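Here's a plain walk through the model you have open. Have a look at the sequence and structure below, then read on with them at hand.

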Amino acid sequence: MNNKYHPALFWFAVLNVVATTLLIGLGGLVTSHEAGMSVPDWPTTYGYNMFLFPVDKWVGGIFYEHSHRLLASLVGLLTTVLAVWLWLKDPRKWLHWLGIAAFLLVIAQGVLGGLRVRWQMDWLGVPHGAVAQTFLVLTCAIALFTSRWWQNSETEKQIPVPRGLRRHVLYVTLLIFVQLVIAATMRHQHAGLAITDFPLAYGKIWPATTPEAIASYNAHRPPGTIGNPITALQVNLQMIHRLVAYAILLGVAAAAMLARKKLGGGDWLTRFAFFWLGLLALQIILGAATIWSNKAADVATGHVMAGALALLAGSLWWLVAARRTRLAE
Amino acid sequence: MKKSLLLLLLGVFAALQPARAGDITGTITLKGTPPAERELTPIKDDPNCSAMYPGALPTTHFYVVSSGGGLADVIVSLKGISGKSTGASAAPVVLDQKGCLYVPQILAIQTGQKVIVKNSDPCVHNVHTKPAANTEANQVQMPGGADLTFTFDQPEPFLKFQCDVHPWMFAWVSVFDHPYFAVSDKDGKFTIKNVPPGKYTLEAAHRKLGTQTAEIEVKDDGAAQSFAFEVK
């Protein structure tokens with residue numbers, strides 16, 4: 001099919017990606033500040049129409065939660081316009097449905113966030129976090145598919161990417177998604193830091209989780225720790241989060257090495273794989289800094305955003321590699 | 001006639017007899033120096049709150065100790081008693097939001113007893129209960145808004161009230177299904193009134209220092225039992 005590049009549509013899709021990335025960051029600030037329940041009603045805000053809530057009442061936790069809702073509304077609007085625009089202007093049927101999928105996902109995400117507040121169910125925050133990451137990947141994929149580069153590359157000569165390398169990247173990306181679900185579960189336990197040191201854990205490679213040990217950890221938590229007492233489950237969850245992080249780092253390092261071996265050091269995908277590796281290294285440093293700073297809100301939010309970008313990098317790499325291979329074959 | 005008069009006199013005599021119940025009294029003390037309280041610097045995030053503190057900011061009040069070593073905010077209660085709540089007819093207790101803090105920070109109530117939450121501040125609060133055994137609630141309270149009423153059906157220790165708008169605001173309410181409990185005052189003293197004679201386990205619970213128990217016998221003239229917590 002002969003596609004036509006629409007610059008306005010592409011840049012609008014990019015705008016949606018930027019707004020979504022900021023929205024994930026703002027969502028991270030909401031949980032980092034434990035402000036998720038600071039606005040008890042939804043879709044109203046303290047009885048006001050959300051869009052008419054007086055600015056002088058945007059204080060404390062309300063600031064983060066209300067800003068998050070307003071930006072989410074903007075992303076919802078952008079996604080709706082994008083879906084309609086794609087349907088009307090783009091000739092690719094599958095892209096029409098991808099726009100509809102994004103629209104449905106953003107609606108579902110809004111409802112999930114609202115129900116999380118209305119039903120006071122912490123666990124709903126976990127799918128809310130997971131859908132946010134999925135939505136970011138989807139909006140970014142739409143921006144990629146509407147780009148001039150994507151549409152022009154159909155006529156260019158392509159170098160295929162070996163199947164083994166593509167599979168490897170896909171599995172590592174899926175592992176990152178699992179890791180983000182684990183992370184969302186940790187964040188929505190509202191227990192602050194279950195383990196307060198790094199790289200060791202309570203001075204050991206694997207900490208004790210007997211009732212006596214947990215009681216001792218709770219009794220000696222750093223001054224100022226906000227949140228519920230920690231449990232053995234939370235300690236084990238953070239240890240799993242650490243182990244999976246190391247596995248992902250090794251997986252991405254292997255992907256970068258494999259890409260250099262199979263595609264050559266000058267290939268765009270090899271360079272992007274090394275960028276991905278750098279992002280993972282930064283993410284592990286941010287994870288450590290989250291612990292060392294006693295979960296400072298800005299550091300913890302940076303950790304959330306770097307995690308989202310790591311998932312996005314793996315997804316985009318795989319999409320581009322799959323397309324290149326299809327065109328080459 | 002004489003028989004009726006005799007019965008009437010016996011009834012009056014019985015009614016005038018004091019109930020066979022005594023008070024448990026005691027003092028809670030703290031040995032050692034508790035960790036320093038933390039200044040509530042996040043109060044600066046809300047100008048409505050910080051305006052109420054033109055001087056020094058308030059601090060946490062985890063360890064309220066008198067000059068004589070008396071420890072306040074310890075909940076003392078009888079263990080192993082259930083189904084004796086008189087909460088439905090008991091006077092409500094008041095939890096105020098004042099200076100962007102909960103006052104008092106530690107409370108004890110019976111199941112079915114009302115907790116009236118007031119907002120004396122010039123700013124909005126959300127009153128969010130985080131129970132383990134009871135139903136969670138989260139309600140808006142505007143400045144000058146109507147009082148909120150909470151009741152709890154199940155006993156549980158240190159049920160948390162929090163304001164998510166102001167993440168330093170916490171209160172803890174222990175819920176019992178009997179009336180035999182007290183919260184130690186600023187001098188560490190407590191009195192549990194009208195306890196029927198018998199042998200009991202008395203528990204003293206501090207949110208940071210844990211719990212201690214003692215076996216006691218309450219007689220017609222009551223009983224005395226003190227506890228000494230230690231900072232480790």
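## Ground rules

Helices here are DSSP runs of H or I with at least four residues, strands are DSSP runs of E with at least two, and both are numbered from the N terminus. This is a predicted model, so keep in mind that local features need a pLDDT of at least 70 and side-chain atom pairs count only at pLDDT 80 or more, while totals for chains, interfaces and linings use all residues. Residues are numbered from 1 along each chain as its sequence is written, chains are lettered from A and ligands numbered from 1 in the order in which they are written, and side-chain values use heavy atoms, with hydrogens and water left out.

## Chain A: the helical one

Chain A has ten helices and zero strands. Read from the N terminus, its elements go α-α-α-α-α-α-α-α-α-α. Its radius of gyration is 21 Å, close to the 20 Å that the globule rule gives for 329 residues, so chain A is as compact as a globular protein of that length. (The radius is taken over C-alpha atoms, and the rule is 2.2 Å times the number of residues to the power 0.38.) Along the principal axes, the C-alpha atoms of chain A fill a box of roughly 65 × 55 × 25 Å.

How confident is the predictor? pLDDT is its confidence in each residue, from 0 to 100. Chain A averages 93, and 96% of its residues score at least 70.

Of the 329 residues in chain A, 52% count as buried. Buried means under 20% relative accessible area, exposed means over 50%, and partly exposed is in between (1.4 Å probe, protein chains only). The accessible surface of chain A comes to about 15100 Å², and 71% of that belongs to carbon and sulfur atoms. These areas come from the Shrake-Rupley method with a 1.4 Å probe; for residues, only the protein chains shown count as cover.

Now for contacts, meaning heavy atoms within 4.5 Å. Among contacts in chain A between residues at least 6 apart in sequence, 76% join residues at least 24 apart. As for charge, chain A has 25 positive and 13 negative side chains, and the centres of the two sets lie 10 Å apart. Lys and Arg count as positive and Asp and Glu as negative, with His and the chain ends not counted. Each charge is placed at NZ of Lys, CZ of Arg, CG of Asp or CD of Glu.

## Residues to look up in chain A

Leu282(A) is in helix H9 (residues 268-292) and is partly exposed, at 42% relative accessibility. Its C-alpha lies 8.8 Å from that of His303(A), which is 21 residues away in sequence. Leu243(A) belongs to helix H8 (residues 232-263) and is also partly exposed, with a relative accessible area of 48%. The C-alpha atoms of Leu243(A) and Gln179(A) are separated by 9.9 Å, although the two are 64 residues apart along the chain.

Tyr46(A) isn't a glycine, yet its phi is positive, near 50°. Tyr46(A) sits in the loop between helix H1 (7-32) and H2 and is buried, at 6% relative accessibility. Asn294(A), likewise not a glycine, has a positive phi of about 55°. Asn294(A) is in the loop between H9 and helix H10 (297-328) and is partly exposed, at 31%. Finally, the peptide bond from Phe198(A) to Pro199(A) is cis, with omega near 10°, and Pro199(A) falls in the loop between helix H6 (163-187) and H7.

## Chain B: the strand-bearing one

Chain B has two helices and 17 strands. Its C-alpha atoms fill a box of roughly 80 × 45 × 30 Å along the principal axes. Of its 232 residues, 46% count as buried, and chain B exposes about 11600 Å², with carbon and sulfur atoms supplying 55% of it.

Among contacts in chain B between residues at least 6 apart in sequence, 61% join residues at least 24 apart. Chain B has 21 positive and 22 negative side chains, with the centres of the two sets 7 Å apart. There's a cis peptide bond here too: the one from Val103(B) to Pro104(B), with omega near -5°. Pro104(B) is in the loop between strand E4 (101-103) and strand E5 (106-110).

Note on methods
pLDDT is the predictor's confidence in each residue, from 0 to 100.
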